[in-house]
Amino acid sequence: MSDTEVRADERLAEGELPAPDVSIVVTVFNEAGSVEELYRRAIASLERGPRTFELIFIDDGSTDGTFAALERLHSGDPRVRAVRFKRNFGQHPAMHAGLVRARGDVVVTMDGDLQNSPADLPRLIAAVDAGADVASGRRPVRQDSWGRTLPSKLINGMLRRFTASDISDFGCAFNAYSREALTPVLGVIGKQKFTKALVLSAGASAVEVELDHRAREGRSRYSPLRLTRLALHVLAGFWPQPIQWAGVLIGTLCGALAMFAGVWATVVWIVKGNFPGMLYLGGLVLGVLAVQGFILALVGEYLGRIQRDVEGRPLYTIDSELE
């Protein structure tokens with residue numbers, strides 16, 4: 001089975017149960033130890049309210065007992081739906097698989113690792129009910145190492161600049177959306193990272209909601225190399241003219257270095273009569289090469305996107321589905 005583009009309204013037309021008010025989309029990968037606890041806490045939080053709901057779990061190719069746990073939950077509660085990928089395709093394709101199956105007027109996205117508390121679900125839903133297109137989760141005190149928070153601050157700053165949205169935490173996956181805000185960008189989600197940034201760049205209104213956050217158990221899946229690639233993805237996906245701006249940067253930098261070298265050479269020549277030309281020439285060459293390396297990485301991001309679109313490869317393939 002390779003159903004990757006079925007819309008929620010099409011699925012409803014096939015004779016499914018009436019659509020719930022709220023859909024909770026949870027992406028999981030090797031979360032056998034937390035998925036049942038997440039379900040219990042989410043149910044306890046949502047059943048206190050008057051709105052009907054469904055939980056849609058997307059198993060992104062787990063190799064542990066995650067899907068077996070989801071099968072048990074589904075057999076005991078028809079509000080639980082689940083999709084299992086044939087292999088690990090990544091968080092954002094998994095997010096797409098959940099969003100196109102969500103039937104509620106309010107759609108909440110969250111990770112399955114319990115870093116965010118399901119007890120905050122009513123607060124996010126209430127923010128959308130109050131009129132916001134996006135209820136953006138914000139982690140006021142992140143329980144992560146500086147190696148995770150420092151690159152995140154850089155990427156958040158880039159996204160604020162490129163989307164013109166005053167959101168402090170683009171990296172938080174615990175958010176609520178109105179269906180009207182999600183529909184225009186469903187075709188791009190999965191191909192492009194940062195679902196929240198995509199929705200906001202389309203003109204959606206947003207309000208931030210402070211959430212509880214705890215440290216992740218085990219190592220983070222975001223290594224320094226992966227965070228660097230993520231920053232390049234932000235540049236290629238949200239910066240409309242990166243090559244032009246990079247050209248301006250190269251010209252300005254090289255011009256400034258050339259001027260500095262010329263002035264320094266003149267001063268050393270006058271004072272000491274000896275100019276260390278090879279040393280400064282080497283520094284200049286290294287600086288230019290560093291900039292060129294960044295440009296090549298950025299071009300590589302574009303070429304990768306072109307290749308994926310030309311080949312027409314699916315975002316994901318599905319092994320099994322529980323409805």
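I began with Tyr-177, which counts as buried because its relative accessibility is 1%; buried means under 20% relative accessible area, exposed over 50% and partly exposed in between, with a 1.4 Å probe and protein chains only. I note that this is a predicted model, in which local features need pLDDT of at least 70 and side-chain atom pairs count only at pLDDT 80 or more, while totals for chains, interfaces and linings use all residues. Residues are numbered from 1 along each chain as its sequence is written, and side-chain values use heavy atoms, with hydrogens and water left out.

**Entry 1: Tyr-177.** I placed Tyr-177 in strand S6, residues 175–178. Helices (H or I, at least four residues) and strands (E, at least two) are DSSP runs numbered from the N terminus. I then listed its contacts (heavy atoms within 4.5 Å).

**Entry 2: helix H3.** I turned to H3, residues 66–76, where Thr-66, Phe-67, Ala-69, Leu-70 and Leu-73 are buried. Seen down the helix axis, these buried residues fall within an arc of 155°, so they line one face of H3; the arc is that of the directions from the helix axis to the C-beta atoms. On the face turned away from the buried side I found the exposed residues Arg-72, Ser-75 and Gly-76. I recorded the packing partners of the buried residues of H3 as strands S1 (22–28), S2 (53–59), S3 (80–85) and S8 (318–322), together with helix H2 (35–46).

**Entry 3: Asp-77.** I found Asp-77 in the loop between H3 and S3. Asp-77 is buried, its relative accessible area being 5%. Its side chain reaches the backbone nitrogen of Arg-79 at 2.9 Å. Not counting residues up to four places away in sequence, Asp-77 touches Tyr-39 and Ile-43.

**Entry 4: the whole chain.** Of its 323 residues, 45% are buried. Among contacts with a separation of 6 or more, 83% join residues 24 or more positions apart. The accessible surface (Shrake-Rupley method, 1.4 Å probe; for residues, only the protein chains shown count as cover) comes to about 16300 Å², and 59% of this belongs to carbon and sulfur atoms.

How values were computed. Polar contact = N/O pair within 3.5 Å; in protein donor to acceptor, adjacent residues only side chain to side chain.
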